[in-house]
Amino acid sequence: MTETHGLAARTAPDGLDARLVVDRGAFRLDVTLTVAPGEVVALLGPNGAGKTTALRALAGLTPLTGGHLRLDGAALERTPPESRPVGVVFQDYLLFPHLTALDNVAFGPRCQGAAKAEARAQAAQWLDRLGLADHSGAKPRRLSGGQAQRVALARALATRPRLLLLDEPLAALDARTRLEVRTQLRRHLAEFEAVAVLVTHDPLDAMVLADRLVVVEHGEVVQEGTPSDIARHPRTDYIAQLVGLNLHRGHAEGHTVRLDTGPAITTAEVLSGPVFVAFPPSAVTLHRSRPTGSSARNVWRCEVAGLETHGDQVRAALTGVLPLAADLTTVAAAELDLHPGAEVWATVKATQTHAYPV
Amino acid sequence: MTTTAKSDAASGTLRGGPRRRRVREGGGRGAPLPLLVPALIGLAFLVVPLIALLVRAPWRSMPEQLTGAEVWQALRLSLICATAATAVSLVIGVPLAWLLARVEFRGRGIVRALVTLPLVLPPVVGGVALLTALGRNGIVGQWLDSWFGITLPFTTAGVVVAEAFVAMPFLVISVEGTLRAADPRYEEAATTLGASRFTAFRRVTLPLIAPGIAAGAVLAWARALGEFGATITFAGNFPGRTQTMPLAVYLALQSDPEAAIALSLVLLAVSVAVLAGLRDRWMTAG
């Protein structure tokens, strides 16, 4: 038994191979994840999609009700969390408040059997690597958010995990620290040689930190791919909203895509069969009356449902024959006298749309 | 004499009351009379007996009263037994509190009720119950006697057992409350770092709940120190062996009331010291 197991470990591919099934009656998680060593994968999804449950299942904190979990060829489904080669950076870090940064990081090596002095020497090295040598004697409450995050990362890495899990690693930080820590974290993750899986609801965090995105909605994987691929070809409204695109689904015939809801969109691509059509809100031009001299092929009459200001830009949410988001400058919005309930005409040039098969 | 003390206490409260209320509520209307009057009576009811103890204390003969060998014997026995009972409560009570707070099992509510029962049980009944369990013919005691030759009733160890029986629930309830308030995810974080559940408890949970354990231990200790009913029922009243301070006070009251007051003052002083030690936790919390 032991021998076959050893053989399997040698021949099986390295990295993570998992199908995580957690059945909780009303909620069911069923997510398949394959991650190679050195790869960083982000589980991206709205709140309540099951991302954190997936992470807890990987760590062994939530038992699987089905599926499998193999790491570097070894089956881990029945392994208790303390025996898994898994490190976790928790959302609010959960640094032990009664221990110094050094002893927090030394905790893992100590549990793995290192002598106190040896564990502390290792911890000091990790803190040094993460630029925290000056803070090794500080208690967690004396650390800034960014420092605490790095101590949490050092603590997880000090156990030399084969799978590193990060739960919303930047969510607890304010906007300014976030930018800086995101860049640092990206560098540390790039250096990490084993599997890294992070969970986030922030598309920017996911796109900066991860090599590959796995989008989870309602406990299922709805799309996966590289960040740029997902940004260009969103397949659900959630992702389209995340990356800021108008997304519609319909049936293509030549240059025309007839949407499931009725109206048609003229596109640059020539396709046939079921397709997605995506275009950015900046491609939508608004007019107060029906445009006559416009070369745009797509003209729809809409009603303004809402307005939101982002810096010197205004995003208008439109309803009508099809729901649209349109970006325009505050000056243009004022000239058009936009207000909720106002009737407008929206035009989109065919060249600015992007159609791709479902 | 008592009347003077009463009016002193009442006026003291009148001065202190409104100031404190202003701090809490930021000023405003005074307390309505139907609440204020019973509140002051309640306060006087609790404070006057203590003041009476001080007023009637035989201050002049105090040195002689307290230098008798029997007093120190009783005080020493009280302190030793209360401390030992607290130690016993810590060793078995903290794990019990952890079990109640962290492990879900069938009948947990019933177990918690059973643990709380000695809090409301008349101590004398506790003493009788201990006799039926651990007495020489008790359901457990007979085996202790015939297998190990251990007899608990009417021994100093019996005093410790009786006090622990009455005092441990205070510790368990206090520690369980602290455990429930503590974030269990720290234990999870520890297990992801390779700690077994016991190591996580020892190195993470225990330091986190230390203040709650300390408060519970002091409560249990104070309760054990004053324990009377269960002790006299289960361990008897033998000077030097099982006669603790409360028993000595009661006995002295029959023959020498002044001595009883003197001994009571010693216990009062110990209680005030305990309260001072808990000041930060309890008196500012309310």
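Student: Why are H5(A) and H6(A) called roughly parallel to each other?
Tutor: In this predicted model, helix H5 (residues 145–157) of chain A and helix H6 (residues 175–191) of chain A pack at an angle of about 20°. Angles under 35 degrees count as roughly parallel. H5(A) and H6(A) are therefore described as roughly parallel to each other. Their axes are 10 Å apart, and H5(A) passes H6(A) in a right-handed crossing.

Student: Which residues make the contact between H5(A) and H6(A)?
Tutor: From H5(A) come Gly145(A), Gly146(A), Gln149(A) and Leu153(A). H6(A) contributes Thr177(A), Glu180(A), Val181(A) and His188(A).

Student: How do the residues of the contact of H5(A) with H6(A) divide by class?
Tutor: They comprise two nonpolar, five polar and one charged.

Student: What makes H9(B) oblique to H10(B)?
Tutor: The axes of helix H9 (residues 185–192) of chain B and helix H10 (residues 197–208) of chain B cross at roughly 135° and come within 9 Å. Angles over 145 count as roughly antiparallel and 65 to 115 as roughly perpendicular, with those under 35 degrees roughly parallel and the rest oblique. The crossing of roughly 135° makes H9(B) oblique to H10(B). The crossing of H9(B) past H10(B) is right-handed.

Student: Which residues of H9(B) and H10(B) meet?
Tutor: Tyr186(B), Glu187(B), Ala190(B) and Thr191(B) in H9(B) meet residues of H10(B), namely Arg197(B), Ala200(B), Arg203(B), Val204(B), Thr205(B) and Leu208(B). By class, this contact of H9(B) with H10(B) has five nonpolar, two polar and three charged residues.

Student: How many residues does each chain give to the contact between chain A and chain B?
Tutor: Chain B gives 14 residues and chain A gives 17 residues. On the side of chain B that touches chain A, H9 and H10 of chain B each supply at least two residues. The largest share of that side, six residues, comes from H9(B). The side of chain B that touches chain A has seven nonpolar, five polar and two charged residues.

Student: How is chain A divided into domains?
Tutor: Chain A has domain 1 (2–240) and domain 2 (254–357). The C-alpha centres of domain 1 of chain A and domain 2 of chain A lie 40 Å apart.

Student: What does UniProt list for residues 13–243 and for residues 293–357 of chain A?
Tutor: For residues 13–243 of chain A, an unreviewed UniProt entry lists "domain: ABC transporter". That span is 36% helix and 25% strand, and its end C-alpha atoms are 34 Å apart. For residues 293–357 of chain A, UniProt lists "domain: Mop", also from an unreviewed entry. Residues 293–357 of chain A are 9% helix and 57% strand, with end C-alpha atoms 32 Å apart.

Student: What does UniProt annotate at residues 75–276 of chain B?
Tutor: The unreviewed UniProt annotation there is "domain: ABC transmembrane type-1". Residues 75–276 of chain B are 80% helix and 0% strand, and the end C-alpha atoms lie 20 Å apart.

Student: Where does UniProt place the feature "transmembrane region" in chain B?
Tutor: In an unreviewed entry, UniProt places that feature at several spans of chain B, including residues 204–222 and 259–278. Residues 204–222 of chain B are 95% helix and 0% strand, with end C-alpha atoms 28 Å apart. Residues 259–278 of chain B are 100% helix and 0% strand, with end C-alpha atoms 29 Å apart.

Note on methods
Residues numbered from 1 in each chain as written. Chains lettered and ligands numbered in written order. Predicted model: local features only at pLDDT ≥ 70, side-chain atom pairs only at ≥ 80, totals over all residues. Axes fitted to C-alpha atoms, helices over the stretch in contact; angles between N-to-C directions. Helix = DSSP H or I, 4+ residues; strand = E, 2+ residues; numbered from the N terminus. Left-handed = near helix turned anticlockwise from the far one by under 90°. Contact = placed C-beta atoms within 7 Å. Nonpolar A, V, L, I, M, F, W, Y, C, P; charged D, E, K, R; others polar. Domains from an automatic or database assignment. UniProt positions renumbered as here; feature names shortened; annotations may be inferred.
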